[in-house]
Amino acid sequence: FQPQFRLLDRAGGGIEALARLQHPHRGLLGPESFISAVERSDLALPFTYAGIRRALVALASLTRDCGFAGRLAVNVPPSALTPADFPDRVLALLAEADISPARFTVEITETSIASNPTLSLDIQTRLRMHGIRLAIDDFGSGHSSLMRLHEAPFDEMKLDMALVTNAHRDAGLRKIVKNTVALGRSLAMTVVAEGVETQPILAWLAAIGCDIAQGYHLARPLPHDPLRSWAGARPASR
């Protein structure tokens, strides 16, 4: 889980669940080592539901034991946006964990292309109607950004890590990030910056009106027990 921080007051708020695989010989593996294989197989949906369930169990524990009231974000593959019962399955998992839909965010990667765009949009709309938040992830890395913003009911925009990480040495990227933040805010979206690795970048993002930041400068991804210590010190919701 990687913590997220409000830039207005630097308070801790939400968390993003990240997929990792503990390999018996190769150690802890990042998603680049296995996610593409999972998504090409018939395991994509079972993997997604299992990941959501485990993340919600962790969130329920943080809520119960630490008073944590922040949101949880989970990235889902394109295949999750094609089964008509996906919203119902997610709502059932939320009810099972006793977590309000308003505390759950479904992240959809900008470059993901659903096989059935009409059904995908219907599923996204149904998720929003039930109070689940939607985030467009890795914004700025694809070619259909503006149309995706126009067509889908997103609440949140997550700036692609490459834009944020390299903005300090590229004036052109700084202009892109600044105007993208302004676009998100003009659409009443929460803007989240990923890949924040230095204090100057953090201060600059706060100055241009970015809402939320996550990255190694603020907190590295944490396993469950260290996350409990972090959450216990920051019970406020974002």
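How many bridges join β9 to strand β10 (residues 212–213)? I looked this up and found 2 bridges, with the two strands running parallel. Two strands pair here if DSSP finds at least two bridges between them. Helices (H or I, at least four residues) and strands (E, at least two) are DSSP runs, numbered from the N terminus.

A note on the model: it is predicted, so I kept in mind that local features need pLDDT of at least 70 and side-chain atom pairs count only at pLDDT 80 or more, while totals for chains, interfaces and linings use all residues. Residues are numbered from 1 along each chain as its sequence is written, and side-chain values use heavy atoms, with hydrogens and water left out.

**Entry: strands**

I saw valine 192 standing opposite isoleucine 212 in β10. From β9 the chain goes through helix α8 (residues 199–207) to β10, a right-handed β-α-β crossover. Right-handed means that, with the strands pointing away from the viewer, the path from the first strand over the helix to the second runs clockwise. Next I checked β8 (residues 156–159), which pairs with β9 (residues 190–193) in the parallel sense over 4 bridges. Methionine 157 has valine 191 as its bridge partner in β9.

**Entry: α2 and α3**

Two packed helices are described by the angle between their axes and the distance between the axes. I looked up helix α2 (residues 44–66) against α3: the angle is about 30° and the axes are 9 Å apart. Axes are lines fitted to C-alpha atoms, for helices over the stretch in contact, and angles run from 0 to 180 degrees between N-to-C directions.

Which residues of α2 meet α3? I listed Tyr49, Ile52, Arg53, Leu56 and Ala60. Their partners in α3 include Phe86, Val90 and Leu93. Contact means heavy atoms within 4.5 Å.

**Entry: α3 and α4**

Helix α3 (residues 86–97) also packs with helix α4 (residues 117–129), at an angle of about 30° and with axes 9 Å apart. Therefore α3 is roughly parallel to α4. I noted Phe86, Pro87 and Asp88 of α3 in contact with Ile123, Arg126 and Leu127 of α4.

**Entry: lysine 178**

Lysine 178 sits in helix α7 (residues 171–186). I found lysine 178 touching Trp204 and Ile208, leaving out residues up to four places away in sequence. Lysine 178 and leucine 205 are 27 residues apart in sequence, yet 8.2 Å apart in space, C-alpha to C-alpha.

Terms used
Angles under 35 degrees count as roughly parallel, over 145 as roughly antiparallel, 65 to 115 as roughly perpendicular and the rest as oblique.
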